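Dear colleague,

I am handing over the structure below, together with some notes on what was found in it. Please read the notes with the structure open beside them.

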Amino acid sequence: MNRQLKAVLVGFIATLLVITGLVLLVWLVVLPRVRDISLPGLDRIGTSRQIVDFHTHFNLDPTIPQSILDGQRIRYMPPPRVEYRGGTFNVYLRLDFLREHIDPFMFWDAGAEVLFVSTRYEMLEFTPDSYRFLINEGSHLLDTPIRRANEMVYVPADLLHQLSPLTIEFFEEYNMVVITSADKQQTVATVAVSRADVRYWAGGRAPITAQPTQGTQLLLFPSDDDGEFVRVRTPLGLLGYVLRSDLENITTGYPRLNRAPVLDDWIDNWQPHPPNWPEGVAINMVWEMIYFVEAHPHRMQHPLHPGLTVISPQWFRINPEGTHLDSVASREFVDWAHEQNTLVWPLVFDVNNDRAREFLFNREHRRYAINQLLRYADILNFDGINIDFEHLTASQGPYKIQFLRELAIPARERGLVLSAAVKIPLPDTTFYRRDLIALTLDFVQVMTYDEHWGPAAGVGPNASLPWVQWGVNNTLNGIYPERGVPASQLIMGLPFYNRKWRVVQSDGSITQRALPMAYTRQFFENRNVDWVWDPNYGSYFGEVGDIEDGEAVFYRVWLECPRSIRAKMQIVLAHDLAGVASWSRGFEVPEVWDVISHYLS
């Protein structure tokens, strides 16, 4: 190759290297600084400029309204109802959505065809298509009535604006209803660059959902980290992530609501309230089985233990037709208990599901029973009411809560202490909504016994330590959809009885009887039992054999006694519970009272 050709080639290569260097310099240094100009085809290395429509990205039908609640798209519930009338869009939210996300005490009574909305002190009633509604039975006017369509109740946005601290907006461009809780602090910022990219997820390669311009205000959502991206909502309701460096003027505060509520204040039924009880005073409660008025003189022959604070006689039961309450209440018993410094919270129980169903599903029956209880409270001077409805199905669960809400308002005005006994939380009993009971009443008694109750459940302890601990934990922490019950409102149940199991050796058939503590111990010790303490179960185990009618049988028991009660009381202390409630007086041995009083003093 001649010398001249070599020089040309070297010059060409040098020029190419210079040009390449300049291109790299522009790519790496200049373009990132001017990326806001958004010239076609220019962007940072590894980023995407692909804009994808909201409905396309999520594979949604654009004709169906979407819901955004506090920065979360509600995916698994039917949509709201949006109607165009008089030149404006009218939004209606479904009752099932409102119950789950806004107010758990909104209740549709199918029999009365009334929507109930309650607070601790007011009961509001709305009838579909009616411009009048009631507050504690007083009539008021309404701008927009509730609707009923396709077997579903819909509540208009303008009514919700007057009941709850919410902002409900409809954005036609995206067919989107955006609901924001206005009682929480909100963080907002403005776009600092000429055009910000709001992406579907936190990353430069994520497709873009919107590109708000400089000065646009975005709502920011809290994050656990201070990463490069922050989650936002645009003024039109779209959600996504934007570079934190693209924002300025970040401020936090409460939004202003320029509208008057229907009541004196907004409804906030998720707020726990302290129970109607002296702070720091533990509850030592016992239930009393009384089926006849004539039984009171006999029961009053046995004085109450000085450490007892509350006695709950079994006085009121739903009558066979489910129309009212049958009563065996006694003023003499109340006076007798009060003379011993013990409060009286009579027990109201359902007996069976047939009675509970007829009673709860009928508004007038509920109302009649509440008036009965209030009259008895006024005349007999008792101090509280304890509700024990155990024989329910899932469809009856909301009706029980509504009954408690209806009872609580007038009972609270009288200063009565309200409580309810509930079973240990299991996945198939969440419809009892122990969390909503705690938000309505003062105390919840969790009955931590009947772990093994009959042949179907097999032979086993009545209330082993793991079972009791598991029940208390689940009540405190909740099982979805139930939230937890505060420890300050939770009373732990204690069994004063045993289950004596009888097993026939030949065929393995099982029967059982519930017996008092003393009788059970005597039965086994008369047959020379060898008691064995089981530290895992927290009780003595005993087994004896016998021949009955030519058959070999075995009797087994996990004994409830002062030592087993002492082991359970450790759970009360560990969780700082409100106290204990025992079933039932007369089944215990006297030493048990000293054990309980020692731990609650």
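A residue is called buried here when its relative accessible area is under 20%, exposed when it is over 50%, and partly exposed in between, using a 1.4 Å probe and protein chains only. Please bear in mind that this is a predicted model, in which local features need pLDDT of at least 70 and side-chain atom pairs count only at pLDDT 80 or more, while totals for chains, interfaces and linings use all residues. Residues are numbered from 1 along each chain as its sequence is written, and side-chain values use heavy atoms, with hydrogens and water left out.

Asp 197 counts as buried because its relative accessibility is 6%. Asp 197 sits in the loop between strand 14 (186-191) and strand 15 (198-199), where strands (E, at least two residues) and helices (H or I, at least four residues) are DSSP runs numbered from the N terminus. The side chain of Asp 197 is joined to that of Gln 211 by a polar contact of 2.9 Å, a polar contact being a pair of N or O atoms within 3.5 Å of which, within protein, one must be able to donate a hydrogen and the other to accept it, with residues adjacent in sequence counting only if both atoms are side-chain atoms.

Strand 6 (residues 114-118) pairs with strand 7 in the antiparallel sense over 4 bridges, and a hairpin through 4 residues joins strand 6 to strand 7. In strand 7 (residues 123-126), Met 123 and Glu 125 point one way while Leu 124 and Phe 126 point the other way, and all are buried. Glu 125 stands opposite Phe 116 and also opposite Leu 134 in strand 8.

Strand 7 runs antiparallel to strand 8 (residues 132-135), to which it is joined by 3 bridges, and in their hairpin, with 5 residues between the strands, Asp 129 takes a positive phi near 65°.

Elsewhere, an open sheet of 4 strands has the order 3-4-11-10 with antiparallel pairing. Strand 3 (81-85) and strand 10 (147-149) are at its edges and each has a single partner strand, so one side of each is left without a neighbour in the sheet. Strand 4 (residues 88-94) and strand 11 (residues 152-156) pair over 3 bridges, and Tyr 92 has Pro 156 in strand 11 as its bridge partner.

Finally, the largest pocket is lined by 28 residues, of which Glu 390, Lys 423, Met 447, Tyr 449 and Asp 450 lie nearest its centre. On a 1 Å grid over the protein atoms alone, a pocket is an open set of points where a 1.4 Å probe fits, with protein on both sides within 12 Å along at least five of seven lines, and lining residues have an atom within 4 Å of a point. Strand 25 (347-349) and strand 30 (497-504) each supply at least two residues of this lining.

With best wishes

Conventions
Pairing = 2+ DSSP bridges.
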